[in-house]
Amino acid sequence: MKTRINLAFLKSFFSRARGRPFGAWQIELTTRCPLRCRMCIRSASPSWHHADMDIERFRALAPYFRNVESAVLEGWGETLLYPHLVEAVRIVKEAGTAAGFVTSGWGLDANRSAELVEAGLDFMGFSVAGATPAMHDAVRINSSLDAVLAAVEEVRRAKTDRKVLTPSLHFVFLMVRDNYADSVPLIDLAGKNGIDTVLLINLVHVADAWQDRQRMFVCSGEADESVLVEANARAVELGVKLRRASLSACDIAVCEENPLRNLCISVSGEVTPCVFLCPPVPSPFKRIYCGTEVFVPRVSFGNIFEEPFEVIWNDPRYVAFRDVFSQREKSFREMYAALMSDSNRFAALRRHAPPPPPEPCRTCHKMLGV
């Protein structure tokens with residue numbers, strides 16, 4: 001199915017910076033959301049668990065933040081709905097850890113913007129689904145592009161008033177067939193609204209037939225990325241940083257979520273390698289992987305509110321899960337080294353495939369490098 005090897009990803013292993021033991025902990029503060037986005041997993045999940053994390057439980061995580069570079073305060077809900085968000089940011093910042101999240105901008109007014117800026121928020125992404133209100137509003141149901149841009153302006157004003165540079169602001173644009181052409185004018189929209197970074201991402205968790213038809217990436221062969229090339233050229237012209245996902249599948253050692261250094265904590269405290277393995281729905285949950293419907297059990301290696309994190313991290317099941325990725329990483333390192341020096345050895349190494357990803361990851365589009 002996969003036809004290419006991501007050598008740029010391989011090369012990154014040789015230059016990856018190391019600071020604290022963990023790169024990022026994604027912490028789900030709430031699973032509540034007022035939107036009804038067409039690309040959300042909730043479209044196929046009528047039994048959704050609505051909950052907020054108790055702030056005292058969140059406070060119990062504080063000692064761990066000293067070992068984490070970034071706390072991403074989001075999950076399957078809208079972070080701005082969390083009533084203790086400002087306090088949560090302050091708790092993270094007290095550990096010297098970066099804090100941020102992606103949001104729809106729901107209800108973000110001048111007062112809340114000022115509080116988040118004063119709390120020391122480091123980064124804030126705004127989800128947009130089109131360069132025009134007509135497109136955005138049609139895909140992100142119950143969201144308004146005008147309201148998103150107004151929220152951006154409130155944060156920018158709060159930063160200016162306090163003469164600070166953070167939080168950095170970026171757009172997160174989930175590409176689907178309906179809005180793909182807007183990838184280029186989106187760069188202009190970013191420039192006009194003081195956004196210096198744009199992320200173009202894929203619809204990874206496909207949960208229904210509409211989403212499967214709408215995903216932009218292909219599972220085999222080469223996709224037409226001419227629009228992305230044009231978007232990149234426009235970004236260079238305007239001085240906007242652009243990070244774009246590939247639309248063509250390739251072999252990668254470890255997915256972008258990187259469970260070797262990152263993890264996710266669900267709203268109830270379940271520790272899982274990534275947010276895509278523990279949605280707030282009954283287990284097993286449905287995925288459509290490259291056009292085929294599969295059911296995957298939710299993955300948790302323990303509850304951090306019920307046992308020490310060290311016990312969870314060293315659970316033999318969790319260790320075995322990570323070891324698979326470590327072995328894959330080692331195999332890809334060897335291939336990259338051989339590619340640079342010995343083509344015959346590279347060919348031989350390619351014939352001996354690395355171990356497959358852990359079972360629940362084998363039907364995740366993240367493992368296609370998209």
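Asn142 sits in the loop between α5 (133-139) and α6, where helices (H or I, at least four residues) and strands (E, at least two) are DSSP runs numbered from the N terminus. Its phi is near 80°, a positive value in a residue other than glycine. With a relative accessible area of 46%, Asn142 is partly exposed; here buried means under 20% relative accessible area, exposed over 50%, and partly exposed in between, using a 1.4 Å probe and protein chains only.

Before we go on, a word on what you are looking at. This is a predicted model, in which local features need pLDDT of at least 70 and side-chain atom pairs count only at pLDDT 80 or more, while totals for chains, interfaces and linings use all residues. Residues are numbered from 1 along each chain as its sequence is written, and side-chain values use heavy atoms, with hydrogens and water left out.

Now let us step back to the whole chain. The protein chain has twelve helices and eleven strands. A compact globule of 370 residues would have a radius of gyration near 21 Å, and the 21 Å of the protein chain agrees with that; the radius is taken over C-alpha atoms, and the globule rule is 2.2 Å times the number of residues to the power 0.38. Along the principal axes, the C-alpha atoms fill a box of roughly 60 × 50 × 40 Å. Of the 370 residues, 56% count as buried. Among contacts with a separation of 6 or more, 74% come from residues 24 or more positions apart, a contact being heavy atoms within 4.5 Å.

What joins Cys219 to Cys290? The two form a disulfide, with their sulfur atoms 2.0 Å apart; the criterion is a pair of cysteine sulfur atoms within 2.5 Å. The structure holds one disulfide. The pair links distant parts of the chain, 71 residues apart: Cys219 is in the loop between α8 (209-214) and α9 (226-238), and Cys290 in the loop between β10 (285-289) and β11 (292-296). The torsion about the S-S bond is about -95°, so the disulfide is left-handed.

Like Asn142, Cys290 is not a glycine, yet it has a positive phi, of about 50°. At 18% relative accessibility, Cys290 counts as buried, and Cys219 is buried too.

Cys264 is in no disulfide, and the nearest cysteine sulfur, that of Cys278, is 7.0 Å away. Cys264 is buried, with a relative accessible area of 4%. For Cys274, the closest cysteine sulfur is in Cys364, and the 5.9 Å to it is too far for a bond. Cys274 also counts as buried, at 9% relative accessibility.

Finally, turn to the backbone at two prolines. Most residues other than glycine have a negative phi, and most peptide bonds are trans. The peptide bond from Thr166 to Pro167 is cis, with omega near 10°, and Pro167 has its place in the loop between α6 (145-162) and β5 (168-174). The bond from Ser283 to Pro284 is cis as well, with omega near 0°. You will find Pro284 in the loop between β9 (271-272) and β10.
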